[in-house]
Amino acid sequence: MIKLICYFLLAYSLTAYGQNTDVEFQNWFDFNSSFTINESWKAYGDAGYRIIFVSEKVHRFYIRPSASFQITEILILHGGMGLFSTFDNKINLWEFRPFQGVQIKWPVIFSIPLNHYFRFEERFFSGNLVNTFIFRSRYRLAAAIQF
């Protein structure tokens, strides 16, 4: 029964729309890496290039080095800094994004472990059109299901 519910949720998530935007098409090229330093520390990060087609083509380069520290088996702290550059013919925008997060691997329901991830980001923008600050929080619920 639980697997049937999980299949339904997966199928529904593939048809649901999370954001309403004017984006017509996107290409993402991402590189993700991780390195385990010891039992507690892990270095990871991602870098990439994105092309976003709205009315014109917008380019975005980014790099986001990060680290995590495992306190217990269920509690992991995360932190890092993202650097984003967005540009087209008219816009040149830089974004600095330090973040902090906490990951909780609990509870285990019917042998399915749930993974909660709370992340807080401070977003600093600088460019030829805007200089501003935005605070953003994120939450992700994940589960690993064996088929």
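For the record, strands pair if DSSP finds at least two bridges between them. β2 and β3 form a hairpin, with three residues between them.

**Ground rules.** I noted that this is a predicted model, where local features need pLDDT of at least 70, side-chain atom pairs count only at pLDDT 80 or more, and totals for chains, interfaces and linings use all residues. Residues are numbered from 1 along each chain as its sequence is written, and side-chain values use heavy atoms, with hydrogens and water left out.

**Hairpin one.** β1 (residues 25-36) pairs with β2 (residues 41-53) in the antiparallel sense, over twelve bridges. Here four residues sit between the strands of the hairpin. I also looked up Phe 35, which stands opposite Ala 43 in β2.

**Whole chain.** Read along the sequence, the pattern is α-β-β-β-β-β-β-β. Of the 147 residues, 25% count as buried; my cut-offs are buried under 20% relative accessible area, exposed over 50%, and partly exposed in between, with a 1.4 Å probe and protein chains only.

**Aromatics.** How many aromatic pairs does the structure hold? I got nine. Rings of Phe, Tyr and Trp (its six-membered ring) pair if their centres lie within 6.5 Å; planes under 30 degrees apart are stacked, over 60 edge-to-face, and the rest tilted. One of the pairs is Phe 118 with Tyr 139, tilted, at 4.9 Å centre to centre and 40° between the planes. Phe 118 is in β6 (residues 112-127) and Tyr 139 in β7 (residues 131-143), so this pair ties together parts 21 residues apart in sequence. Phe 118 is partly exposed at 29% relative accessible area, and Tyr 139 is partly exposed too, at 45%. I also logged one aromatic cluster made of Phe 29, Tyr 49, Phe 61 and Phe 87.

**Charges over rings.** My test here was NZ of Lys or CZ of Arg within 6 Å of the ring centre and within 35 degrees of the ring normal. Arg 50 has its charged end over the ring of Trp 28, 3.6 Å from the centre. Arg 97 lies over the face of Phe 84, at 4.1 Å from the ring centre.

**Salt bridges.** Side chains of opposite charge can pair when their charged atoms come close. I found five salt bridges, each a side-chain nitrogen of Lys or Arg within 4 Å of a carboxyl oxygen of Asp or Glu. Arg 97 turns up again, bridged to Glu 95 with the closest N and O atoms 2.8 Å apart. Buried or exposed, Glu 95 and Arg 97? Both are buried.

Then I followed Glu 121. It bridges to Arg 119, with the closest N and O atoms 2.9 Å apart. Arg 119 counts as buried at 13% relative accessibility, and Glu 121 counts as buried at 1%. Arg 136 also forms a salt bridge with Glu 121, the closest N and O atoms being 2.8 Å apart. Arg 136 is in β7 and Glu 121 in β6, so that pair ties together parts 15 residues apart in sequence. Arg 136 is partly exposed, at 21%. Elsewhere, bridges that share partners join Glu 95, Arg 97 and Arg 123 into one network.

**Last stop, Asp 88.** Where does Asp 88 lie? I placed it in the loop between β4 (75-87) and β5 (92-109). Its side chain has a polar atom 2.8 Å from the backbone nitrogen of Lys 90. For the backbone nitrogen of Ile 91, the distance to a polar atom of the Asp 88 side chain is 2.7 Å. Not counting residues up to four places away in sequence, Asp 88 touches Glu 56, Lys 57 and Val 58. I also checked His 59, 29 residues from Asp 88 along the chain: their C-alpha atoms are separated by 6.2 Å.

Conventions:
Helix = DSSP H or I, 4+ residues; strand = E, 2+ residues; numbered from the N terminus. Contact = heavy atoms within 4.5 Å. Polar contact = N/O pair within 3.5 Å; in protein donor to acceptor, adjacent residues only side chain to side chain.
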